[in-house]
Amino acid sequence: MTEEMKALVDKLEQTGNLEDSEFKAVLTYEDPEFNSYLNERARAVREKHYGKDVYLRGLVEFTNYCKNNCLYCGIRAGNTNAERYRLTEDEILECADEGYDLGFRTLVLQGGEDPFYTDEVLVRIVKGIKERHPDCAVTLSIGERSKESYQMLHDAGADRYLLRHETASKEHYEKLHPENMSFDNRMRCLKDLRDIGYQVGCGMMIGSPYQTTDDLIKDLRFIQEFKPEMLGTGPFIPHHDTPFKDEKQGTTEMTVRILSVIRLMLPTVLLPATTALGTVDPMGREKGILAGANVLMPNLSPSGVRKKYLLYDNKICTGDEAAECIKCLAGRVQRTGYRIVQSRGDHVDFVK
Ligand code: SAM
Ligand code: FES
């Protein structure tokens with residue numbers, strides 16, 4: 001590793017910022033020693049704020065119906081081969097109870113954009129979880145909605161909202177989505193969520209079709225400006241029933257590099273090592289943790305539906321029971337030198 005490249009990592013750590021040309025150098029430099037140094041500094045920063053703690057989020061994938069047609073996504077409306085399912089309100093509450101008993105203090109309700117779940121239904125579900133488990137945080141990840149809807153759900157008790165921006169380049173966005181989806185509306189949603197007072201998560205796929213290094217730099221600039229409390233990023237992985245079935249998947253190396261860069265830019269961000277990262281590489285989640293990630297999101301969905309929430313091919317952990325998943329993850333985390341903790345794991349700015 002050259003002294004210049006090492007100095008860029010140090011500058012990023014000290015200032016949280018780089019020039020575009022410097023970001024480009026950091027994202028494209030090929031040298032294992034450099035990668036190790038970047039990961040090491042990212043770990044040092046995460047340990048300063050979060051010690052060795054890794055937070056768990058129990059993910060309930062409650063519907064795979066979706067009215068959208070994102071070109072990359074396996075549960076897009078146009079995929080007539082997807083076997084569709086919806087969990088009932090009772091089933092969702094049962095997942096929450098099971099998650100609570102297993103020690104989760106954050107539940108993430110994720111799904112396609114499914115009009116079946118109206119504001120009224122969702123408010124009832126969020127309230128139901130909060131009444132049973134007031135010490136549990138509820139995160140929603142249910143796509144684009146009106147500001148009024150986001151407000152109602154926040155009033156009902158939802159604490160956090162994950163809505164990946166997918167790409168900060170409008171031009172790139174339009175290559176990943178059909179014409180009736182709009183970059184500006186996605187951005188409007190993120191702004192509304194922020195204004196309402198959610199802890200907000202944005203994020204992008206790494207290696208999505210047509211993505212350039214300049215697009216990734218735009219993502220970093222957007223992240224820098226938006227300052228999300230959470231950041232979800234994982235490799236793009238093709239799904240065989242989508243228009244992108246023959247595209248290349250994103251790499252572990254680039255995903256891990258981006259995780260470290262984001263940790264250095266936003267020292268306190270809540271940053272998951274995603275299931276997609278664990279799918280492209282059997283040690284992906286460990287590598288993510290060792291690159292500065294501090295969150296894992298094991299699946300709490302009933303095992304009967306897990307194989308149906310297939311956003312991409314070869315998704316891992318679709319057969320295990322939730323309790324088994326936690327045991328497996330706890331071992332994996334322990335072997336990296338970190339530890340899973342039972343806590344809501346709020347962003348430091350939101351700790352009450
Ligand atoms: N419908 C909600 C939304 O749009 O935010 C939440 C569900 S959506 C499936 C969750 C995320 O999965 C997307 O934001 C996208 O980044 C990711 N995703 C979808 N297809 C993927 C693929 N083929 N490879 C990797 N990630 C994918
Ligand atoms: Fe709607 Fe993927 S296209 S969740």
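Two strands are taken to pair if DSSP finds at least two bridges between them. The structure described here is a predicted model. On that definition, strand β6 (residues 199-202) and β8 pair in the parallel sense, over two bridges. Within this pairing, Cys202 stands opposite Leu231 of β8.

Strands β6 and β8 belong to an open sheet of six strands, whose order is β2-β3-β4-β5-β6-β8 and whose pairing is parallel.

Strand β1 (residues 53-56) is joined to strand β11 (residues 339-341) by three bridges, and the two run parallel. Val54 stands opposite Ile340 in β11, and Tyr55 has Val341 of β11 as its bridge partner. Strand β1 is also joined to strand β10 (residues 295-296), in this case by two bridges, and these strands likewise run parallel. Leu56 has Leu296 of β10 as its bridge partner. In a regular strand the side chains alternate between the two faces of the sheet.

Two helix pairs were examined. Two packed helices are described by the angle between their axes and the distance between the axes. Helix α3 (residues 32-50) packs against helix α10 (residues 252-265) at an angle of about 40 degrees, and their axes are 9 Å apart. Angles under 35 degrees count as roughly parallel and those from 65 to 115 as roughly perpendicular; α3 is therefore oblique to α10. The crossing of α3 past α10 is left-handed. On the α3 side, the contact is made by Asn35, Leu38, Asn39, Arg41, Ala42, Val45 and Arg46. On the α10 side, Arg257, Ser260, Arg263 and Leu264 take part. By class, the residues of this contact comprise four nonpolar, three polar and four charged.

In the second pair, helix α5 (residues 119-132) and helix α6 (residues 147-155) pack at an angle of about 20 degrees, with their axes 9 Å apart. The two helices are therefore roughly parallel to each other. Their crossing is right-handed. Asp119, Leu122, Val123 and Val126 of α5 make the contact with Ser149, Met152 and Leu153 of α6. Five nonpolar residues, one polar and one charged residue form the contact of α5 with α6.

The model also contains ligand 1, which has 19 residues around it. Of these, Cys73, Gly143, Arg164, Leu311 and Tyr312 come nearest. The shell around ligand 1 divides into 10 nonpolar, six polar and three charged residues.

How values were computed
Residues numbered from 1 in each chain as written. Chains lettered and ligands numbered in written order. Predicted model: local features only at pLDDT ≥ 70, side-chain atom pairs only at ≥ 80, totals over all residues. Near = placed C-beta within 6 Å. Nonpolar A, V, L, I, M, F, W, Y, C, P; charged D, E, K, R; others polar. Axes fitted to C-alpha atoms, helices over the stretch in contact; angles between N-to-C directions. Helix = DSSP H or I, 4+ residues; strand = E, 2+ residues; numbered from the N terminus. Parallel < 35°, antiparallel > 145°, perpendicular 65-115°, else oblique. Left-handed = near helix turned anticlockwise from the far one by under 90°. Contact = placed C-beta atoms within 7 Å.
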